[in-house]
Amino acid sequence: MPSTPDSSSEARAAGRILLVTVGSTDFDPLVRAADEAAPRIDLPMEIQIGIGRYEPKNARWFRMAPSLEPYYARAEVVVSHGGAGTILEVLRRGIRLVAADNPDRPDQHQKDMIGHMASLGRLVWCGDLSRLPEAIEEARALCPEPLVTAPPLIHLVVREFLGAIENGGDPRAVARAWRGRRVEKP
């Protein structure tokens with residue numbers, strides 16, 4: 001039976017949950033592996049299944065939500081597909097993360113993103129879903145700091161570039177000035 005954030009009495013009593021999310025598509029192997037692991041995990045589990053076919057039997061689940069923020073606010077650990085948006089959302093909140101690449105995605109870009117973040121110690125990469133419970137326990141031992149990214153600069157480059165053109169300056173000089181420029185982390 002699908003659940004909503006307000007209907008999970010176990011989660012409210014315990015306060016924290018393990019959230020599994022597959023984004024707006026499907027990733028039935030991850031949903032099934034999480035559902036099978038649910039009885040062995042000592043956190044209430046809620047699974048966002050997207051458009052997948054498999055409906056969990058051992059955990060609360062829902063298909064989509066207007067926002068995952070209410071779930072993130074209660075999550076001790078998030079298990080996610082390898083979508084960049086979800087990974088960055090979770091890491092910016094400083095939540096422990098297990099990420100699994102979905103082999104059905106066309107270009108395997110999820111492996112690149114997950115591999116890079118795993119090499120930085122930002123998440124646990126679960127490349128074998130039969131080992132999901134171990135990956136969750138490994139993630140629970142992490143003490144993640146919220147990911148801080150540099151603010152975007154492209155609007156400053158464009159403004160300076162257009163200003164050079166408008167004022168008779170040299171836009172190539174602007175391009176040279178910005179090339180390779182890095183910004184200190186805030």
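## Leu18 and its neighbours

If we set aside residues within four places of Leu18 in sequence, its contacts (heavy atoms within 4.5 Å) are Ile41, Leu43, Pro44, Met45, Glu46, Val77, Val79 and Ile136.

Residues are numbered from 1 along each chain as its sequence is written, and side-chain values use heavy atoms, with hydrogens and water left out. Because the model is predicted, local features need pLDDT of at least 70 and side-chain atom pairs count only at pLDDT 80 or more, while totals for chains, interfaces and linings use all residues.

## The nonpolar cores

Leu18 also belongs to the largest nonpolar core, which has 28 residues. A nonpolar core here is a set of buried Ala, Val, Leu, Ile, Met, Phe, Trp, Tyr and Cys residues joined through side-chain atoms within 4.5 Å. Buried means under 20% relative accessible area, exposed means over 50%, and partly exposed is in between (1.4 Å probe, protein chains only). The residues with the most contacts inside this core are Leu18, Met45, Ile47, Val98 and Leu132.

Two or more core residues come from each of these elements: strand E1 (17-21), helix H2 (28-37), strand E2 (45-48), E4, E5 and helix H6 (132-140). Helices (H or I, at least four residues) and strands (E, at least two) are DSSP runs, numbered from the N terminus. H2 gives the largest share, five residues. Apart from this core lies another, of 18 residues, including Ile17, Ile95, Leu97 and Leu147.

Why is strand E5 (residues 96-100) described as largely enclosed by the rest of the structure? Four of its five residues are buried, so the rest of the structure largely encloses it.

Strands pair if DSSP finds at least two bridges between them. E5 and strand E4 (residues 75-81) run parallel and are joined by five bridges; Val79 has Val98 in E5 as its bridge partner. E5 also runs parallel to strand E6 (residues 124-125), with two bridges between them, and Ala99 stands opposite Trp125 in E6. From E5 the chain crosses through helix H5 (residues 109-119) to E6, in a right-handed β-α-β crossover. Right-handed means that, with the strands pointing away from the viewer, the path from the first strand over the helix to the second runs clockwise. E4, helix H4 (residues 84-92) and E5 make a right-handed β-α-β unit too.

## Salt bridges

A salt bridge is a side-chain nitrogen of Lys or Arg within 4 Å of a carboxyl oxygen of Asp or Glu, and the count comes to eight. Arg93 and Glu69 form one of them, with their closest N and O atoms 2.4 Å apart. Arg93 lies in the loop between H4 and E5 and Glu69 in helix H3 (residues 69-74), so this pair ties together parts 24 residues apart in sequence. Arg93 is partly exposed at 37% relative accessibility, and Glu69 is partly exposed at 34%.

Asp170 meets Arg172 in a salt bridge of 3.5 Å and Arg176 in one of 3.6 Å, N to O. Elsewhere, salt bridges link Asp42, Glu76, Glu137 and Arg140 in a network.

## An aromatic pair

How many aromatic pairs does a search of the whole structure find? The search finds one: Phe62 and Tyr71 are stacked, at 4.4 Å centre to centre with 15° between the planes. Rings of Phe, Tyr and Trp (its six-membered ring) pair if their centres lie within 6.5 Å; planes under 30 degrees apart count as stacked, over 60 as edge-to-face and the rest as tilted. Phe62 is buried at 3% relative accessibility, and Tyr71 is buried at 2%.
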